[in-house]
Amino acid sequence: MTDPRRRVPRSDTLLADPRLAEAERTLGRALVKTVIAEAQQKARSGEIAPDRVADVAVAALPSSASSLRPVINATGVVVHTNLGRAPLSTAAIDAVVTASGATDVEFDLQTGRRARRGRGAMAALARAVPTAGGVHVVNNNAAALLLTAMTLAPGKEMIVSRGELIEIGDGFRLPALMESTGSRIREVGTTNRTHLRDYADAIGPDTGFVLKVHPSNYAMTGFTSSVPVAELATLDAPLVVDIGSGLLTPHPLLPDEPDATTVLGDGADLVTASGDKLLGGPQAGLLFGGAELIERLRRHPAARALRVDKMTLAALEATLTGPPPPVAEALRVDVESLRIRAARLAARLPDADAVDCIAAVGGGGAPGVALPSAAVSLPEAYAAPLRMGTPAVVGRLENGRCLLDLRTVAEADDDTLAHAVLACT
Ligand SMILES: *Cc1c(COP(=O)(O)O)cnc(C)c1O
């Protein structure tokens, strides 16, 4: 009797299989060898026949060298942090692809000399917020706040209202983040009410700056009071405002969301924001302020550790100068057109109804805003196979149904969505 292990094809024989050789070229040798080893193991344990090892390995090959998979966001949450926040516009994706090779990010092709890094993205940001004397970009809004604390309040105090000491998600708290620089938080006011005199009383020789944080992921109602930016700007201390969501100008549908232009106009010295929330761009931290202050931030030794890469700069510039990104479209699209799409899809699919529903802005933005929307409603049992499909589809479970909310699905993806549902039946 021959040992079945003797008949399991050897790795070099398998790597010579044209399909696996091609995969080695696109995915890399290590990844293909891992897949081959798993298939060989299955043959050794008797799970598959030895002559099936090559086929099983080919079937198990991933479609790309990254484990990240494309997802259709049918949750109805426009900026979904667990799904990577803002999807990039086609213009931004093209820019990223171009920038991913060697590119003139820090080089002047005309003179052949070094040039200011990311000057195109900086110029686009400056044009988008003309009242800012200077702009700077770091890794994310958390990094923008770190750099601010390190530059304006080394060993000093940052004065913040108790009502604005927020947790931004995954257990990260803004106060702890900023105190990790060695600066101290000086809390003023109470949870529900803070007045101008609370800030004024706290200002002294130890003050680095006053910080106002937009409590973007929750809303306080009832007996509440906070001090508007214009009043805080009269205090005798630099004023930093974290607007969170990254609107650069007022948005008609989101009247309670602060924007960089208005906040600067109201007298803030520095504004910080995220790039991948309502702006609809790549993960980034945006800083707007006076030219001199921005230069101090840029020149801080730690700025180098917080800088963004060329692909972020490329995506940011294209988001600002190109057509509206998917986030803007998802906010703007009218509910009537969503209802028509839902009805059309439901008619093509078994077990499906078209229903009205409510979508949300998400991503720590506009917690009180309900966006009227329409969805394809399926039995809950569809949720798991949809998530495991290609592309993966993530819907929202509501009252025992799996809703595919179309506000967060591009119309161009409707066909793909229908096929993904049909693949589950
Ligand atoms: C989202 C948010 C942050 C964190 O921003 P990141 O870009 O994720 O670092 C900070 N402050 C506020 C008010 C936010 O809404």
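User: Which side chains meet in a salt bridge with Asp-415?

Analyst: Side chains of opposite charge can pair when their charged atoms come close. A salt bridge here is a side-chain nitrogen of Lys or Arg within 4 Å of a carboxyl oxygen of Asp or Glu. Asp-415 pairs with the side chain of Arg-348, at 2.8 Å from N to O. Arg-348 sits in helix H17 and Asp-415 in helix H19, so the bridge ties together parts 67 residues apart in sequence. Helices (H or I, at least four residues) and strands (E, at least two) are DSSP runs numbered from the N terminus.

User: What should I know about the source?

Analyst: This is a predicted model, where local features need pLDDT of at least 70, side-chain atom pairs count only at pLDDT 80 or more, and totals for chains, interfaces and linings use all residues. Residues are numbered from 1 along each chain as its sequence is written, and side-chain values use heavy atoms, leaving out hydrogens and water.

User: Is Asp-276 buried or exposed?

Analyst: Buried means under 20% relative accessible area, exposed over 50%, and partly exposed in between (1.4 Å probe, protein chains only). Asp-276 has 6%, so Asp-276 is buried. Asp-276 forms a salt bridge with Arg-85, their closest N and O atoms being 3.1 Å apart. This pair links distant parts of the chain, 191 residues apart. Arg-85, at 21%, counts as partly exposed.

User: How many salt bridges does the structure hold?

Analyst: There are 24. Among them, Arg-341 pairs with Asp-414 at 2.8 Å between the closest N and O atoms, and both residues are buried.
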